[in-house]
Number of protein chains: 2
Amino acid sequence: MLEPSPQAFVPFVSVENMMRLVHQIGVETALKELADYIEADFRRWELFDKTPRLASHSRDGVIELMPTSDGEVYGFKYVNGHPKNTREGLQTVTALGLLAEVATGYPVLFTEMTLLTALRTAATSAMVARHLAPKGTRTMALIGNGAQAEFQAMAMRAICGIEAVRLYDIDPAATRKAHRNLAPLGLEVTSCRTAEEAIEGAGIITTCTADKQYATILTDNMIGAGVHINAIGGDCPGKTEIHPDILCRADVFVEYPPQTRIEGDIQQMPADFPVVEMWEVITGKAKGRVSDRQLTLFDGVGFAIEDFSALRYVRDRLVGTDCAELLDMIADPDDPRDLFGMLQRARAA
Amino acid sequence: MLEPSPQAFVPFVSVENMMRLVHQIGVETALKELADYIEADFRRWELFDKTPRLASHSRDGVIELMPTSDGEVYGFKYVNGHPKNTREGLQTVTALGLLAEVATGYPVLFTEMTLLTALRTAATSAMVARHLAPKGTRTMALIGNGAQAEFQAMAMRAICGIEAVRLYDIDPAATRKAHRNLAPLGLEVTSCRTAEEAIEGAGIITTCTADKQYATILTDNMIGAGVHINAIGGDCPGKTEIHPDILCRADVFVEYPPQTRIEGDIQQMPADFPVVEMWEVITGKAKGRVSDRQLTLFDGVGFAIEDFSALRYVRDRLVGTDCAELLDMIADPDDPRDLFGMLQRARAA
């Protein structure tokens, strides 16, 4: 028999199908459910096989492989980061992901992850803010209005009850784009001319600027007490956003310290700079926000377990939909030792 | 505009299309050309970004990521190794590979690599044997008649001029399968009852057994002078085939010593056991075979650069064929910062 066996086929989610899947679920519901999957995996943090990502640096960017496993399922993401890509009309970040069974090594899902990474990054920020932001926060500032901006706003709305967003970017065209996209979605949107103006009255301040440099988006005198800073743009060596004085004043929360100390805003601080791991806050091992006056800061860089959660979520949510196509990816002859015979029979066919 | 841009599409080679491509080229021509691509990359060995593979071990097997880059192109392979899979009718090894542009991080090829790995493993063995086997060798022994066996025989025929193959496996059914596949292809095939019988008169002795254990397929008294041993089955920690006494007598050649000392047959030897790197033989920096009486041994474990060569080969050979389909893998909005707008417009469409 020359038909490939069922094991030969792996479900693949294209960009188009990912968009269809997200719309079938609803963007806000998808963000909420994703945040729950991520939080569930943070709860069982100790169980995961954790390695820093494997990065290949070049003049213009980086290509990374981010694997992890919970012992049952193995996942990895391929992702690049090339800041100058936008000048050529290309995405700064593109990504692909794969999920496989640990017991057999056979892939069970292959998917686009450019969109999925945007969703999981926003869901992670909002899941963290649900634990750390001051109670009753209804206004957020969004500094940096690039590809991640609207996802952040929608996740904070869906998960933390944000009603108003104050936008600022050094490029007014980026702010106009974010304003145009967000205004029809029921958020009260204000475009601002300075970062100072944007943070007025905001209980959550998100920084997600894109330039690969040591930038100072927020300085100490700008930040009062009782806010939560969601600092996600400083995410690789040589790329930071937050002035060290703010880091010294704040309680700093991170995903995986060995990675964040290299890639996050705390790369500016000594190796023993105190941080709290988010999984410990979520499981109750460590304290999160303890007072209304406290300044909390999430130094988010993106960790493999969040991609793993996102891949699990897509696998589960695909059931009963037509949002995947089957790819003939695995050579699977009837007699597993007869790979060459399978090749020869294909010629005859 | 709602059509994905050309950058959104990545050529994908399915198992079926890989088989079609190989047959359009011809199995022996493909093996020869692949060996030339691999040899070309061994010649520029020093230029590559080399890291040991990133392995995730579990009770029943291992899942690995094998990346490398020549500065222009980046490639990686996903590959598993689960010896007990065959008992459930599954492949021991399945693999997938991706090639991307270093300058942008955009993928340019995604392909099945189960078949391609079988081809590149055999092409590497034969390329090495072309440098090391005694001149005029026309007979090879093939000990271990699993999924890799026939590929080895065909590559040795195409690249080294082998005319006769002597088969042995502890499982006679495996030998029958290899005999049946090879006999129609113009090789003189002899099935043997013992390993001793198989190596009679053979100038090249290939060991490619599959069990994950410290096995001794070849012992010292079996091996005379003036042969080349192609030892490729001992390729992960705890899996060896060759008695240490043979390793002591032989000149041992390897791909990448840091990996081979962990995974190869030389894992049985001290950390300073002398080995010669194949790329040095190929570039003339080191000597290969220097006499007819010499015993040479290639302790092959498979290295990322060989997969890189194979991916380059497939990319080049796809040109002008219909052996790839285009997958909508990369989210690529017209304005790269407008990822969210692209998602919203997809709902409207």
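Two strands count as paired if DSSP finds at least two bridges between them; helices (H or I, at least four residues) and strands (E, at least two) are DSSP runs numbered from the N terminus. This is a predicted model, in which local features need pLDDT of at least 70 and side-chain atom pairs count only at pLDDT 80 or more, while totals for chains, interfaces and linings use all residues. Residues are numbered from 1 along each chain as its sequence is written, chains are lettered from A in the order in which they are written, and side-chain values use heavy atoms, without hydrogens and water.

**View 1. The sheet of chain B is open and has eight strands.** Its order is β9-β8-β7-β10-β12-β16-β14-β15, with parallel pairing. Strands β9 (188-191) and β15 (276-277) of chain B each have a single partner, so one side of each lacks a neighbour in the sheet.

**View 2. Strands β12 (residues 228-231) and β16 (residues 296-299) of chain B pair over four bridges.** Here H228(B) has T296(B) in β16(B) as its bridge partner.

**View 3. D171(A) and R337(B) form a salt bridge.** The closest N and O atoms are 2.8 Å apart (the rule asks for a side-chain nitrogen of Lys or Arg within 4 Å of a carboxyl oxygen of Asp or Glu). Between chain B and chain A the count is two salt bridges.
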